[in-house]
Amino acid sequence: MGEGFVPAYRKLGLEALRRRAGEAYRQLKHCRLCGRRCGVNRILGETGVCRAGKEVLISGYGPHFGEEAPLVGQHGSGTIFFTYCNLKCVFCQNYDISWEGAGNAVTVRDLARIMLVLQKRGCHNVNFVSPTHYVPQILAAVYLAARDGLNLPLVYNTGGYDALETLKLLDGIIDIYMPDVKYMDAAVAERLSGVADYPAVAKAALTEMQRQVGDLVTDRRGIACRGLLVRHLVLPGGLAGTAELVDFLATEISPDCFLNVMGQYYPAYRARRYPPLDRRPTREELHAAIQLARERGLRVYT
Ligand code: SF4
């Protein structure tokens, strides 16, 4: 990172970080880390909707060049892909990982080592992909990695269905929040991900994320240091609720909110059974989504 940059967790200090990890671990006894609030005891081996247990599974890690330019820079974003997901989207493009559990078990120490390996390889950040259901283990690993010299900003790359209590645990630790906001309509969220309260949970999460980190800030090379970066995958037939989302972002979050309007939807997994998800968005639908965001004055990235 640029000279003078200090990641949030280093400012917080090791002792506070250790305490926060301990606090988070206690959540595993009655898991309410995400909006599903299953209440299962994951320490005793019970599992909830996401199927994640006490042990962490990851499907891979390494420098990634497919993320947004402010995360990728010259040397890539240091992604760690977590297995399982608290959302169960019928169109998931990584369903082997999110639904079927593809991946390998790692210890918290392994996870800390991986972060340091990514730093050594020159990555500009550590990017936790689908982290919600492993927040306690991630915090414990961040503590160990920080103790051993980690100095990169942390990116929380989530589906946006995070409990507020979970986000409070991350306050002062995460530098960059990157929620992928999927829907703004309860009936659509229920049909496609089984979570009718997704819009309400995601709006509360966005508000808390913005409170913690503010608008996206980059260094003089254009590399992200801190802030909120919202993603939004345009779905066919207006299912993603783009008009309502951009309105919410512009009025309730920030007129300078950074929004990546993503056009790479294709029918994956069970999508063909859920028309109009059985087709890609048309060029006109994509164009209209980008226009809506631009008209609201957001910092649009495509
Ligand atoms: S993280 Fe998993 S077990 Fe915990 S509340 Fe969410 S879906 Fe349920």
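Guide: The description below begins with the cavity, goes on to the pocket, and ends with strands and loops.

The model is predicted, and local features need pLDDT of at least 70, side-chain atom pairs count only at pLDDT 80 or more, and totals for chains, interfaces and linings use all residues. Residues are numbered from 1 along each chain as its sequence is written, and side-chain values use heavy atoms, with hydrogens and water left out.

Rolling a probe the size of a water molecule over the atoms shows where empty space is left. The search uses a 1 Å grid over the protein atoms alone: a cavity is a set of points where a 1.4 Å probe fits but cannot get out, whereas a pocket is an open set with protein on both sides within 12 Å along at least five of seven lines. Lining residues have an atom within 4 Å of a point. Grid points are joined across faces, edges and corners, and a volume is the space filled by probe spheres set on the points.

The structure holds one cavity of 30 Å³ or more. Of the 14 residues lining the largest cavity, Cys31, Cys34, Cys38, Arg42 and Cys50 are the closest to its centre. The volume of the largest cavity is about 100 Å³. Its lining consists of seven nonpolar, three polar and four charged residues. In this classification Ala, Val, Leu, Ile, Met, Phe, Trp, Tyr, Cys and Pro count as nonpolar, Asp, Glu, Lys and Arg as charged, and the others, Gly among them, as polar.

The largest cavity is also the space taken by the ligand; a molecule sits in a cavity or pocket if more than half of its atoms lie within 2 Å of its grid points. The residues around the ligand are Cys31, Leu33, Cys34, Arg36, Arg37, Cys38, Val40, Arg42, Gly48, Cys50 and His133, where a residue is near a molecule if one of its heavy atoms lies within 4 Å of it. This shell divides into six nonpolar, two polar and three charged residues.

The largest pocket has a volume of about 940 Å³. It is lined by 32 residues, and Asn94, Val129, Asn157, Asp180 and Arg231 lie nearest its centre. Two or more lining residues come from each of β1 (56–64), β2 (77–82), α4 (95–98), β5 (154–158), β8 (224–233) and β9 (258–262). Helices (H or I, at least four residues) and strands (E, at least two) are DSSP runs, numbered from the N terminus. By class, the pocket lining has 14 nonpolar, 13 polar and five charged residues.

Several of these strands pair with one another or with other strands; two strands pair if DSSP finds at least two bridges between them. β1 and β2 are antiparallel and share six bridges, with Pro63 and Gly78 as bridge partners. β1 is also paired with strand β3 (residues 104–106), in the antiparallel sense over three bridges, and there Leu57 has Ala105 as its partner. β4 in turn runs parallel to β5, and four bridges join them; here the partner of Val129 is Asn157.

Strand β4 (residues 126–129) is covered on both faces: Val126 and Phe128 on one side, and Asn127 and Val129 on the other, are all buried. Buried means under 20% relative accessible area, exposed over 50%, and partly exposed in between (1.4 Å probe, protein chains only).

The loop between β4 and α6 (135–147) contains Ser130. Its phi is near 60 degrees, a positive value in a residue other than glycine. Ser130 counts as partly exposed because its relative accessibility is 25%. Lys120, which belongs to helix α5 (residues 108–120), is ten residues from Ser130 in sequence and 23 Å from it in space, C-alpha to C-alpha. Lys120 counts as exposed because its relative accessibility is 77%.

The loop between β9 and α11 (283–295) holds Pro276, which is joined to Pro275 by a cis peptide bond with omega of about 10 degrees. Tyr269 is found in the loop between β9 and α11, and its phi is near 50 degrees, a positive value in a residue other than glycine.
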